[in-house]
Amino acid sequence: MTEQKKSSHPSTVDETIARILAADKARVTPFIADEQHRTDAPDQPESADQAESGDQNGARQQSEDHDDAGRGVLDGRARELAETEAHTVHDGDQYDLFERRSLRRVEGLSTELEDVTEVEYRQLRLERVVLAGLYTSGNAAEAEYSLRELAALAETAGSTVLDGFLQRRATPDPGTYFGSGKALEIKDAVAELGADTVIVDSELAPSQRRGLEDIVKVKVIDRTGLILDIFAQHAKSREGKAQVELAQMEYMLPRLRGWGESLSRQAGGRVGAAGGGIGSRGPGETKIELDRRRINQRMAKLRREIAAMKPAREAKRANRRRNAVPSVAIAGYTNAGKSSLLNRLTDAGVLVENALFATLDPTTRKAVTPDGIGYTLSDTVGFVRQLPTQLVEAFRSTLEEVADADLILHVVDASHPEPESQIAAVRKVLTEVDAHQVDEIIVLNKADAAEDHVIDRIRRREPHVAVVSAHTGQGIEELKERIAAAIPRPDVALELLVPYAYGEVVSRLHAEDAEILSTSYQEEGTRLSVKVRAALAPDLAAYQVRD
């Protein structure tokens, strides 16, 4: 009997892991593969039961809020993340990327244990999500692009996308956002696919979220909550973490829900069973009211902490302005290649990952034009459609780097199906932070993967365009020349005669804030025609040649 019981357990580690994977694979089959199987299968005659079921489904579809879009709009991994990730020598060792991926959850391994021998090998399972979108204007193609972007966001957050739905309605339903028929269809898909989360491609009112959860019976989050979750995962600096936490709490505050004890009243100590003492009478404070008060207190503290960090950033900017160092900011849509471009221009070695919002903390590096003029190059947080207003407000101090810049490199993914919509989304946010007046160069990145007619179309619409590929290096030299022509340059022209004994003065003029036009050597010293910043001109007055 003992031997039989012993033999029922796996004898090796490999058998245990193989059984976990096989059980998990059998439990959930991805919808996409099933949809492909149904598409490829030849038409089969329907049985009477199948025909009746089809009639019922057709009737339900016709009565469903005039829905003209349906299921299965996703046909694989999100386009934004589908390319193979490749790094160049300019990206450095990418230690941050290795650290991030070492903590990623593993798809296919379940937390459900069949016996204690599996404890050592289990890992947290990826959330299985169903996406749902609704559009009231525009066409289905635009809505599908938005849903595919939502799929990329979900995958970046650590989810497995199983299916996607689209619905067109004149106005969203005030109770459940979707119509009743579409909500029931989503519920059926959730049950069929074993999904545990529904992600909606819009911001939901708290009542709509609750109403939809009551129907689908799983967790429902909206686009804003998803983006905030990604920011919380990727923030690394103290300031970035505080900004994200503040945005999350502003989002969470009106969405608090109470069950059971959360709605119970708190009162003071009672004297005997007959009633309460002084101060304990009245309705008291519920647990959910206490939670709201604590969140408001935490938000106030975070605002003070962020305000305390602002002077340090302003002091650095003031120092650059005092030394008249030109500032160039890299802005653009998320995953357009901003960090790759920074690495290509400065060898900064910042994290580069094929994911949305891979880098949140701003990075500033020193750069030099081809003719030797120094400037700073700053990489900022990426933008996206429907960027949560909470994030714009929380990251306002960071986005001020863009508003204070002398030039913006607006990086655009030229291989995207709708680059113009990305440009419009970024400019909308730049307007909100008062950066729309800064000179701008549209940098069409990923030119090696873009269509020529797309590049030509944008060239005709935008006055200042540079076409580059941060991966291959195409167009980088042309971009450097454009930056050199656009940034403020030394503008005070001087004729100097520097005695040979003062070689340090000539050395100073070879620095990055001066431009030497000509040099000649005379008996009295070195004759130079230069252009310098206004702040340096008084120090050179003793060597100026008076004609």
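**Close-up 1. The right-handed crossing of helix 7 and helix 8 in the predicted model.** Helix 7 spans residues 180-193 and helix 8 spans residues 206-216. Their axes approach to within 9 Å and cross at roughly 50°. Helix 7 and helix 8 therefore lie oblique to each other, and their crossing is right-handed. On the side of helix 7, the contact is made by Ala183, Leu184, Ile186, Lys187 and Val190. These residues meet Leu212, Ile215 and Val216 of helix 8. Sorted by class, this contact between helix 7 and helix 8 holds seven nonpolar residues, no polar residues and one charged residue.

**Close-up 2. The left-handed crossing of helix 6 and helix 9.** Helix 6 comprises residues 140-157, and helix 9 comprises residues 223-234. The two axes come within 9 Å and cross at roughly 35°. Helix 6 passes helix 9 with a left-handed crossing. From helix 6, the residues in contact are Ser146, Glu149, Leu150, Leu153, Ala154, Thr156 and Ala157. Their partners in helix 9 are Arg223, Leu226, Ile227, Asp229, Ile230, Gln233 and His234. By class, the contact of helix 6 with helix 9 contains seven nonpolar, four polar and three charged residues.

**Close-up 3. The contact between helix 15 and helix 16.** Helix 15 covers residues 419-432, whereas helix 16 covers residues 452-461. The axes of helix 15 and helix 16 come within 11 Å and cross at roughly 40°. Helix 15 and helix 16 are therefore oblique to each other. Pro419, Glu420 and Ile423 represent helix 15 in this contact. They meet Val454, Arg457, Ile458 and Arg461 of helix 16. The contact of helix 15 with helix 16 comprises four nonpolar, no polar and three charged residues.

**Close-up 4. The second largest cavity and its lining.** By class, the lining of the second largest cavity divides into seven nonpolar residues, one polar residue and no charged residues.

Methods: Residues are numbered from 1 along each chain as its sequence is written. This is a predicted model: local features need pLDDT of at least 70, side-chain atom pairs count only at pLDDT 80 or more; totals for chains, interfaces and linings use all residues. Side-chain values use heavy atoms; hydrogens and water are left out. Axes are lines fitted to C-alpha atoms, for helices over the stretch in contact, and angles run from 0 to 180 degrees between N-to-C directions. Helices (H or I, at least four residues) and strands (E, at least two) are DSSP runs, numbered from the N terminus. Angles under 35 degrees count as roughly parallel, over 145 as roughly antiparallel, 65 to 115 as roughly perpendicular and the rest as oblique. A crossing is left-handed if the near helix is turned anticlockwise from the far one by less than a right angle, and right-handed if clockwise. Contact means heavy atoms within 4.5 Å. Ala, Val, Leu, Ile, Met, Phe, Trp, Tyr, Cys and Pro count as nonpolar, Asp, Glu, Lys and Arg as charged, and the others, Gly among them, as polar. On a 1 Å grid over the protein atoms alone, a cavity is a set of points where a 1.4 Å probe fits but cannot get out, and a pocket is an open set with protein on both sides within 12 Å along at least five of seven lines; lining residues have an atom within 4 Å of a point.
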